[in-house]
Each structure stands twice: as structure tokens, then as C-alpha cells.
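Here are my notes on the structure you sent over.

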Amino acid sequence: MATMGHCYYNETIGFFYNNSGKELSAHWRPKDAVVVALGLTVSALVLLTNLLVIAAIASNRRFHQPIYYLLGNLAAADLFAGVAYLFLMFHTGPRTARLSLSAWFLRQGLLDTSLTASVATLLAIAVERHRSVMAVQLHGQLPRGRVLALIAGVWGAALGLGLLPAHFWHCLCALDRCSRMAPLLSRSYLSVWALSSLLVFLLMVAVYARIFFYVRRRVQRMAEHVSCHPRYRETTLSLVKTVVIILGAFVVCWTPGQVLLLLDGLDCKSCNVLALEKYVLLLAEANSLVNAAVYSCRDAEMRRTFRRLLCWACGRRADPGAARASPSAGPGAGARIALRENGHPLIDSTL
């Protein structure tokens with residue numbers, strides 16, 4: 001690292017953008033207007049959806065269980081991501097040039113922290129699901145302390161990655177290491193972030209693959225001793241559907257951004273990483289909307305709670321008879337299917 005005499009703490013944002021070859025627009029272009037319009041729309045949907053998830057978990061005592069702490073933490077991280085992206089939308093385009101260095105690092109730090117927390121929580125949920133399945137343990141019986149420790153670890157890692165660039169992992173003292181996508185950050189930081197996200201995905205693949213093969217093996221073993229109940233086949237199909245949706249959503253939303261970050265981090269001169277930069281970031285932000293659908297909206301009881309909250313918000317009370325009937329609905333179509341082997345629950349098929 002360069003000495004203090006070679007650092008550029010007093011330079012403007014334009015100085016670093018010129019150094020990296022990233023255009024800094026002086027006026028609003030059609031492309032900027034489109035990105036901001038899409039960004040504001042996605043941010044609003046992310047905020048509303050995840051606020052609804054948090055309200056549902058807080059208002060329904062059935063959700064006051066450790067596994068729902070993780071789902072609530074995912075919604076909180078995604079809500080934070082919506083706020084961070086909203087902040088970006090109000091400080092982008094021609095407004096970027098007017099930012100101070102500290103304001104630019106704040107803008108970037110909010111995004112990095114929130115998105116890291118969201119991705120890390122996805123891994124934490126996968127790990128807890130794996131532990132509960134392998135221990136033949138219902139979600140309501142998960143140790144509360146362990147789940148809270150996971151949540152603390154998630155935010156510790158997120159804050160670490162979010163704060164490091166402003167205090168250490170920047171290129172203010174080494175201009176030759178500046179990235180093109182984030183001109184004040186070191187290319188090595190982008191590489192580490194991209195590789196960390198890739199590692200999270202590979203771990204999720206391994207965890208969900210192990211869950212799937214374990215459950216399929218147990219279901220096949222049970223089918224050899226009893227007549228094949230339709231719910232056994234339904235459990236396997238539900239698992240396949242869940243795993244495909246979870247991993248597919250992650251790949252679609254995160255892979256383009258990870259590829260661009262890695263190419264920029266590796267200093268690929270022939271790669272035009274700036275052409276799609278804003279759109280892949282928007283796609284990564286959209287994952288905060290997709291998470292709510294994948295992890296919460298597929299739960300039947302959660303959907304019932306959403307309806308009650310929305311009816312209340314619209315000034316119409318939910319039918320008391322329907323509210324009393326909902327607990328008796330039990331597992332219901334597409335909700336939870338608890339297969340039993342030797343009197344013990346095998347798995348909650350919705351994962």
C-alpha cells in the first residue's frame with residue numbers, strides 16, 4: 001500500500017471515476033431515467049413485501065418459533081436492502097458527482113452490508129433446515145440460542161464486509177488497483193465478494209442436495225414396508241420443487257452480478273463490465289423481492305396471515321369464523337406434510 005503522501009483523500013469523486021474510465025454523467029440521460037424508474041419500483045415492492053412478512057411474523061404467535069426468526073431476519077435484511085437501494089436511486093446519475101468521498105462510501109456500504117446479510121441469511125436457513133432434518137427435529141423444537149447466534153453471525157459478517165471498504169479495502173492510496181464498477185474500491189474486494197457469494201451458492205447446493213437425497217431414501221425405505229401413500233410421492237415432488245425454486249432464484253438473480261464483479265476484480269481489460277452494471281445490480285436487488293415469495297409466501301399459514309393483515313389495512317375485518325377455522329386447516333394443500341416413521345416426524349416437506 002502506498003504511503004500517506006501518495007493517498008488522495010482530498011480528491012473529488014470525478015477524479016476517481018476518470019481514473020477508472022467510468023463515465024460520470026453531468027445530466028440525466030434516458031438510460032439513467034429508466035434505471036431510476038425501475039429501481040424505485042423494485043425498491044417500493046421490496047419494502048412493502050418485506051414489511052408485510054415482518055408484520056405477519058410479529059402478529060401471529062404461531063410464527064414465534066426459531067425457524068421463523070431466520071425468516072424474519074431474511075425479511076429484515078431484504079428490507080434494509082430496499083432502503084439501501086432507495087438511497088442509491090436518490091444519489092445516482094448526475095448526483096453522483098456531487099457526493100463527498102464519505103457519502104459515496106456510505107452509499108456503497110449500505111448496499112454491501114444489506115446484500116451480504118441477505119445472502120448470508122439464505123445460507124443460515126439452509127443450514128438450520130439441514131440440521132432439523134438430520135436430527136429428525138420439527139422447526140418449533142430448534143434451539144433458540146443457536147438460531148440467535150446464527151443471526152448475530154450473519155450481521156457480524158455483513159457489517160464487516162460493509163465497513164471494510166471505507167476504512168481499509170479501498171484504492172485511495174493505490175490508484176492502479178481501483179475497480180471500474182466501483183471506482184473507489186479495490187479490485188480485490190470485488191473478487192472476494194464475488195467468490196464469497198459463489199461459495200454460499202455451492203454450500204446451498206450441497207446442503208439442499210443432501211436434504212433431498214436423505215428424504216428420498218427415507219421415503220423409499222418407508223414405501224417398502226407400507227403401501228405407498230400418495231403423500232410420500234407428494235413429499236418428494238414438493239422437495240424437488242422447493243430446491244429448484246430456491247437455487248434457481250439465487251442463480252437467476254445473483255449469477256450475472258457475480259460474473260461481472262469477478263471479471264472486474266480480475267482486471268479483464270477486454271470485458272465491458274460497465275455496459276450491464278446497473279441492470280445486474282437491479283437484478284440482485286430484485287432477489288430481495290423474490291426471497292419473500294420463495295421463503296414466506298409458499299407457507300399456507302403465512303398466506304392466511306397476509307390476507308388478514310391486508311383486509312385490516314383496507315378497513316375490512318377478516319371473517320372471525322374463517323380466522324377460527326384456519327388452525328383446523330392443518331397441513332392442507334401445499335402447506336406442511338409431516339411424514340412419520342416409527343411414530344417420529346420425518347420432515348416438514350415445505351422445508
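This is a predicted model: local features need pLDDT of at least 70, side-chain atom pairs count only at pLDDT 80 or more; totals for chains, interfaces and linings use all residues.

The points below start with the overall layout and then go through the core, the aromatic rings, the salt bridges and the surface.

1. The protein has ten helices and two strands, and the order from the N terminus is α-α-α-α-α-α-α-α-α-α-β-β. Buried residues account for 49% of the 351 residues. The accessible surface is about 16800 Å², and 65% of that belongs to carbon and sulfur atoms.

2. On contacts: among those in the protein with a separation of 6 or more, 77% come from residues 24 or more positions apart. Leu 101 is found in helix H4, residues 101-134, and its relative accessibility is 12%, so it counts as buried. Leaving out residues up to four places away in sequence, Leu 101 touches Tyr 8, Tyr 9, Glu 11, Thr 12, Ile 13, Phe 16, Leu 172 and Leu 184.

3. Nonpolar side chains in soluble globular proteins tend to be buried together. Here the largest nonpolar core has 75 residues, and the members that touch the most others are Trp 104, Leu 184, Met 204, Tyr 208, Phe 250, Trp 254 and Tyr 295. Another core, of nine residues, lies apart from it and includes Val 36, Ala 84, Leu 88 and Leu 282.

4. Which residues does Trp 254 touch, not counting residues up to four places away in sequence? They are Leu 115, Val 119, Trp 193, Ala 284 and Asn 287. Trp 254 has a relative accessible area of 5%, under the 20% limit, and is therefore buried.

5. The rings come next. There are ten aromatic pairs by count. For Trp 104 and Phe 105, the ring centres are 5.5 Å apart and the planes stand at 90°, so this pair is edge-to-face. Both Trp 104 and Phe 105 are buried. Trp 193 and Trp 254 make a tilted pair, with 5.7 Å centre to centre and 35° between the planes. That pair links distant parts of the chain, as Trp 193 belongs to helix H6 (residues 187-225) and Trp 254 to helix H7 (residues 230-265), 61 residues apart. Trp 193 is buried, with a relative accessible area of 8%. Trp 193, Phe 201, Phe 250 and Trp 254 form one aromatic cluster.

6. On to charges. A search of the whole structure turns up nine salt bridges. One of them joins the side chains of Glu 277 and Lys 22, at 2.7 Å, N to O. This pair links distant parts of the chain: Glu 277 is in helix H8 (residues 277-295), while Lys 22 is in the loop between helix H1 (13-20) and helix H2 (30-59), 255 residues apart. Are Glu 277 and Lys 22 buried or exposed? Both are buried.

7. Two further salt bridges are worth a look. Asp 32 and Arg 29 meet through their side chains at 3.0 Å, N to O, and both residues are buried. The side chains of Glu 301 and Arg 62 meet at 3.6 Å, N to O. Glu 301 lies in helix H9 (residues 300-313) and Arg 62 in the loop between H2 and helix H3 (66-89), so this pair ties together parts that are 239 residues apart in sequence. Why does Glu 301 count as buried? Its relative accessibility is 7%, under the 20% limit. Arg 62, at 39% relative accessibility, counts as partly exposed. Salt bridges with shared partners join Arg 62, Glu 301, Arg 304 and Arg 308 into one network.

8. Last, the surface. Val 34, Leu 38, Leu 276 and Tyr 279 form a nonpolar patch there, and together they have about 340 Å² of accessible area. Tyr 279 is found in helix H8. With a relative accessible area of 33%, Tyr 279 is partly exposed.

Key
Residues are numbered from 1 along each chain as its sequence is written. Side-chain values use heavy atoms; hydrogens and water are left out. A salt bridge is a side-chain nitrogen of Lys or Arg within 4 Å of a carboxyl oxygen of Asp or Glu. Helices (H or I, at least four residues) and strands (E, at least two) are DSSP runs, numbered from the N terminus. Buried means under 20% relative accessible area, exposed over 50%, partly exposed in between (1.4 Å probe, protein chains only). Patches are made of residues with over 30% relative accessible area and no salt bridge: like charges are joined within 9 Å, nonpolar side chains (Val, Leu, Ile, Met, Phe, Trp, Tyr) within 5 Å. Accessible areas come from the Shrake-Rupley method with a 1.4 Å probe; for residues, only the protein chains shown count as cover. A nonpolar core is a set of buried Ala, Val, Leu, Ile, Met, Phe, Trp, Tyr and Cys residues joined through side-chain atoms within 4.5 Å. Contact means heavy atoms within 4.5 Å. Rings of Phe, Tyr and Trp (its six-membered ring) pair if their centres lie within 6.5 Å; planes under 30 degrees apart count as stacked, over 60 as edge-to-face and the rest as tilted.
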